[in-house]
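Please look at the structure below. The paragraphs after it go through its interfaces one at a time.

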Amino acid sequence: MGARAYKTYKKDEIKVLKLQEFCQPVELKKALDLLAVAGDQLKPLAGGTDLIPAARQGELKIKGFLDLSRLEELKGIKEEGREIHLGSLTTFSQLELSPLIKDQVPLLAEAASTVGSPQIRNQGTIGGNIANASPAADTVTALVALEAQARLVSSQGIRVVPVDELLCGMGETGIQPQEIIQEVFFAIPPPENRNGFVKLGRRKALAIARMNMAVIITLEDGVITRARVALGAVGPNPYRNQILEGVLEGRKPSPSLLEEFTSEAEQEVAAKLGPRPSAPYKREAIKGIARDLLSRLFFGNGQVVA
Amino acid sequence: MAAFHLEMKVNGELVAVDIDPGMRLLDVLREVLHLTGTKEGCGEGECGACSVILDGELVDSCLVMAPQAYGKEVVTIEGVAALGQLHPLQEAFIEAGAVQCGFCTPGMILAAKVLLDHNPNPDRQEIARAISGNLCRCTGYSKIIKAVEIAASRIKAEAGAASD
Ligand code: FES
Ligand code: FES
């Protein structure tokens with residue numbers, strides 16, 4: 001019988017990460033100064049849910065962490081005029097429970113509530129979700145539908161970039177090593193809007209089966225005047241799909257529009273995934289989640305989570 | 001590299017230790033403080049065996065670098081029994097047969113404790129959601145859910161008796 005390989009730890013060898021530096025600044029300015037002189041050797045650490053296992057598996061070539069957890073400038077959920085601003089350290093639990101988020105942008109609260117486990121929701125942050133650029137990042141799909149922007153800060157200054165433009169492929173972003181995401185912000189959708197988020201597949205082990213969708217529609221006199229549709233785990237990053245938005249705009253919610261949207265969504269997924277092994281499954285799955293979400297937004301029923 | 005001076009509260013007591021900052025909170029609890037009730041299962045946030053309560057919230061201690069606990073308050077399973085008296089959750093787990101090999105039990109009890117601290121009347125679905133980040137290979141979960149229900153009703157009864 002072949003021996004089965006078990007993960008073995010030798011004390012002090014694998015358990016403890018070899019770090020040359022661990023910085024824990026309490027002021028943003030100090031953090032940015034540290035990053036400015038670190039080259040790309042200091043990795044900003046937020047909730048740690050993705051970064052810590054990756055570092056321990058040797059996937060990160062870094063000398064140390066810059067722990068953001070004590071930076072008050074990166075915390076808090078605020079309403080400013082017609083915008084909502086989320087500090088990048090906002091956790092999924094905070095989003096899920098925030099009365100402001102639940103009330104004004106339920107799609108974001110729904111997306112946050114479907115992330116991982118209670119522990120991961122307490123630890124994982126919205127900034128980390130963007131910076132790690134996972135194809136299936138749930139809250140990022142909702143942020144893309146909201147056309148959210150990220151405020152990036154460095155010792156050189158500030159730049160504001162739409163979240164979807166920051167994402168450049170699986171695990172890749174346009175965030176420079178000296179930059180930190182300070183906050184993410186977006187306009188509150190117009191009053192006559194309906195929005196929602198739907199997701200398939202909850203466990204990390206089923207990553208291949210994960211797919212999610214966020215939709216915001218604005219209705220005027222019964223007609224959809226504006227639609228935003230974002231898809232996650234279909235491309236390398238969550239993205240806005242203007243073809244699907246076009247299917248909805250200028251139309252009235254109806255069962256036939258729902259069917260049209262569903263078959264268009266299937267074609268979009270087929271085109272995006274090509275001959276990939278997961279494609280046949282995902283083509284079927286997208287129909288299910290599209291139907292669930294749109295029937296809820298159109299007719300006020302259906303499930304939040306598929 | 002230089003040691004990190006970590007100060008935190010663990011089970012109500014102030015702790016100050018100089019540690020290697022490459023350690024996770026899990027490693028400091030187990031290897032430095034010898035609080036071995038906190039278990040390491042997967043080491044990557046999937047199983048919840050390493051769950052502790054950090055500033056009132058349930059976290060996987062394998063996903064926290066130890067320095068991140070600076071200035072915070074940690075509760076481990078060792079801090080749940082008060083003055084040698086088992087917590088109602090601990091008693092209920094034993095009675096309901098919710099402990100088999102016991103590896104998941106510390107994390108399960110802490111997950112249930114956070115739930116009951118916020119919601120003294122959870123229904124089965126709320127209990128299931130609260131322990132959804134904690135895997136158990138032995139019990140099939142229904143006895144664990146039963147145990148949490150028993151504990152919830154006892155805690156309520158005790159609170160009622162105390163206020164009479
Ligand atoms: S050991 Fe931490 S979640 Fe499994
Ligand atoms: S009792 Fe064995 S893992 Fe739960």
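Chain A and chain B bury about 2800 Å² between them, and 47% of that lies on carbon and sulfur atoms; buried area is the accessible area (1.4 Å probe) that two parts lose on being put together, summed over both. On the side of chain A, A:K15, A:F22 and A:Q119 supply 21% of the area buried against chain B, more than any other three residues. This is a predicted model, in which local features need pLDDT of at least 70 and side-chain atom pairs count only at pLDDT 80 or more, while totals for chains, interfaces and linings use all residues. Residues are numbered from 1 along each chain as its sequence is written, chains are lettered from A and ligands numbered from 1 in the order in which they are written, and side-chain values use heavy atoms, with hydrogens and water left out.

In terms of contact (heavy atoms within 4.5 Å), 35 residues of chain A meet 33 residues of chain B. There is one salt bridge between the chains, a salt bridge being a side-chain nitrogen of Lys or Arg within 4 Å of a carboxyl oxygen of Asp or Glu. B:R129 forms a salt bridge with A:E96, with the closest N and O atoms 2.7 Å apart.

Chain B itself is divided into domain 1 (4-79) and domain 2 (88-163), with bounds from an automatic or database domain assignment. The contact between them takes 16 residues from domain 1 of chain B and 13 residues from domain 2 of chain B. These two domains bury about 1100 Å² between them, 70% of it on carbon and sulfur atoms. B:I53, B:L58 and B:I77 supply 41% of the area that domain 1 of chain B buries against domain 2 of chain B. Across this interface the rule finds zero salt bridges.
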